[in-house]
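Work through the exercises below with the model open. Try each task before reading its solution.

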Amino acid sequence: MSCDRSDKPERGAELSRRDLLRSGAAVATLTLAPGVTLMAFGGSPADAAGRADAGKRWGLLIDVSRCDPDCDACVTACQVENGWKDEGNPETDAQWIRKVTLKNRDTGRKVSMPVMCQHCEKPPCVDVCPTGASFKRVDGIVLVDKHICIGCRYCMMACPFKARSFIHEKHVNQKSWAPRGKGTVESCTLCVHRVDTGRIPACVEACEATGNRAIIFGDLKDPNSEISKRVAEYSSIALRADLDLNPGVRYSNL
Amino acid sequence: MERTIYREIKMTPQLWQVAFLLGAFLLAALAAVVYVEEYGHIVTGMNNQIVWGLPHVFAIFLIVAASGALNVASMASVFGKTHYKPVARLSGILAISLLVGGLAVLVLDLGRPDRLIVAMTRYNFKSIFAWNIYLYTGFMAIVAVYLFTQMSRGLPGNYVKQMGMFAFLWRLALTTGTGSIFGFLVARPGYDAAIMAPLFISMSFSYGLAVFILVLTALCRLSNRPLGQGLMRKYARLLAIFCAVVLYFTAVQHLTNLYVAEHTGFERFILLDGGIYTWLFWGGQVLIGGLLPMLLIWHPATADAPSTPVMASILVVLGGFAQLYVIVVGGQAYPMQVFPGYEVLESSFYDGMIAAYSPRWPELFLGMGGVALALLATGLAAKVLRILPTNLSDANIGQKAES
């Protein structure tokens with residue numbers, strides 16, 4: 001380098017300028033683009049998709065007739081697992097999963113059931129997201145890349161199931177697998193951190209523990225899985241079937 | 001007839017006062033942004049039901065008005081209307097300024113405005129938002145070149161016409177993109193309609209011209225330059241036609257929805273029993289923003305009054321804000337039909353309920369800041385660039401006062 005400088009001053013000057021520009025760019029990156037820097041070191045859709053198996057389509061089958069109107073074990077389990085809770089602001093608090101009680105307008109029949117991200121095959125939230133932060137893994141799980149979500153809330157406008165929440169305030173004591181950065185959007189992850197290690201989602205586990213077994217989790221592409229057998233044998237529906245989004249979450253006895 | 005001479009405006013005490021006032025609004029907006037950044041959107045009126053609130057109403061108004069403000073220049077270079085030519089430069093500057101103001105509000109209302117660089121570097125091209133980033137930045141670049149062709153000496157005349165045509169087509173695409181933000185939303189009964197794009201284009205004609213009339217009047221008064229009443233009446237008559245077009249598209253939008261059984265609930269909400277939204281629709285959008293300006297401009301008793309163009313423009317702007325409030329907030333307030341055929345008896349997440357929204361001061365300040373930024377940028381441009389003619393009197397630009 002020093003030899004270059006003494007022998008060829010113009011070349012040396014050029015290198016110096018280049019070095020200077022390079023260091024300037026590094027400073028600019030650190031200053032202006034912390035999101036990009038974070039993303040570069042992990043947590044990208046590709047990283048998450050790397051653990052997903054394209055041969056699977058994870059889904060839930062919710063048997064409404066088995067769901068106890070007075071039970072919210074699935075909601076509590078999700079809160080504990082993913083670190084969200086009732087903060088006393090019902091209009092702005094996040095709800096990854098909620099219980100609803102419905103009455104059929106024609107027959108008067110009442111039902112109770114949980115509603116969460118429906119993990120659509122053709123998710124409107126993914127279509128509208130300008131940066132690609134909303135994405136679908138090859139195994140059908142729809143997620144938000146928390147590093148590149150800019151908080152525009154267009155996905156919330158687009159989701160037909162009211163499944164997403166905007167993080168309105170700072171949260172502490174977050175779970176490492178469920179970062180909840182203020183100003184970004186979040187929703188049910190189908191407990192992807194558990195699924196990737198061979199476990200079942202927390203809500204399903206909690207429902208099983210109550211003995212109701214209203215929620216079944218499994219691979220919709222595996223004809224031998226319990227969920228596939230059940231949807232093949234019994235009638236089940238998708239919410240807003242008219243939109244033809246083919247959700248991974250289906251409801252039976254609704 | 002003296003030829004049109006463009007000169008930078010000279011600062012008058014009144015101009016300084018207005019500049020300071022706009023600066024104060026900018027500071028208030030900045031304070032609001034810092035406040036929301038520190039505490040989160042919990043300090044705004046927005047919630048998980050109404051995710052786009054007052055800032056979006058301001059931002060979309062400014063963006064829609066931006067493309068409409070360029071129409072004045074298009075009238076001159078594309079449609080050959082000579083009485084628009086002297087103000088074509090101001091039209092271009094105002095268009096860019098309004099867009100900058102609108103985008104500033106939009107960006108600063110993001111949950112993570114610090115990640116703007118992400119929005120500029122990562123694109124999902126299936127998203128109309130991603131297209132809009134190109135449409136907006138492209139608009140600014142194209143209008144800047146269009147302005148250059150207008151202001152350069154020695155360029156062949158057809159350059160201006162060609163750039164004018166290009167800019168006109170681009171602005172149609174831009175407003176189509178803005179309307180389609182709502183048109184492409186399949187989930188909500190108030191949106192999901194192709195008519196949103198032409199409706200927004202008609203709104204842009206109307207709002208853009210109204211804002212242009214107000215800014216032109218203010219700039220001429222503050223810089224003591226004559227502005228012909230005949231010229232203003234011509235602009236006002238065009239504004240009345242645009243008001244009628246907006247009402248037409250609005251009528252078609254709602255009549256079409258009324259035919260669709262699943263949308264009648266939403267129509268009932270907006271047209272009959274939606275409280276603030278029904279009031280804003282009939283009183284704000286239809287009456288104040290549509291019928292009254294048309295009446296003022298076309299009725300023989302008021303048509304020739306010197307204050308009519310300005311009064312009508314103010315009404316159109318107020319009606320425009322009402323219309324966007326109904327579209328943006330009203331469209332979200334009406335509950336989505338997540339469970340068709342079922343009535344929601346209980347839900348912790350407001351399923352099946354009309355959503356509540358009360359804007360708070362940080363949202364209002366941010367929105368006003370966008371308006372202030374647009375106006376300040378226009379004024380600054382008029383101060384440093386030769387965009388405003390020294391004499392817009394009817395005698396000078398060939399208009400008869402009674403025309």
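This is a predicted model: local features need pLDDT of at least 70, side-chain atom pairs count only at pLDDT 80 or more; totals for chains, interfaces and linings use all residues.

**Exercise 1. Find the buried residues of helix H9 (residues 202–210) of chain A, and say what they pack against.**

Step 1. Apply the cut-off: a residue is buried if 20 or more other C-beta atoms lie within 10 Å of its own.
Step 2. List the residues that are buried: A:Ala202, A:Cys203, A:Val204, A:Ala206 and A:Cys207.
Step 3. Look for their packing partners in chain A. These include helix H5 (73–82) and helix H8 (192–195). Strands E2 (97–104), E3 (110–116) and E8 (215–219) are also among them.
Step 4. Check the residue just after H9(A): A:Gly211 has a positive phi of about 90 degrees.

**Exercise 2. Describe how E2(A) pairs with E3(A).**

Step 1. Get the direction and the bridge count. The two strands run antiparallel, joined by seven bridges.
Step 2. Pick one pair. A:Thr101 has A:Ser112 in E3(A) as its bridge partner.
Step 3. Inspect the hairpin. Five residues lie between the strands, and A:Gly108 takes a positive phi near 80 degrees.

**Exercise 3. Which element gives the most to the side of chain A that touches chain B?**

Step 1. Size up the contact: 50 residues come from chain A and 39 residues from chain B.
Step 2. E2(A) gives the most, with six residues.
Step 3. Sort the chain A side by class: 24 nonpolar, 13 polar and 13 charged residues.
Step 4. Follow E2(A) across to chain B. Five bridges pair E2(A) with strand E1 (residues 342–347) of chain B, in the antiparallel sense. Here A:Val100 stands opposite B:Ser347.

Methods. Residues are numbered from 1 along each chain as its sequence is written. Chains are lettered from A and ligands numbered from 1 in the order in which they are written. A residue is buried if 20 or more other C-beta atoms lie within 10 Å of its own, exposed if 12 or fewer, and partly exposed in between; C-beta atoms are placed from the backbone. Helices (H or I, at least four residues) and strands (E, at least two) are DSSP runs, numbered from the N terminus. Two residues are in contact if their C-beta atoms, placed from the backbone, lie within 7 Å. Two strands pair if DSSP finds at least two bridges between them. Ala, Val, Leu, Ile, Met, Phe, Trp, Tyr, Cys and Pro count as nonpolar, Asp, Glu, Lys and Arg as charged, and the others, Gly among them, as polar.
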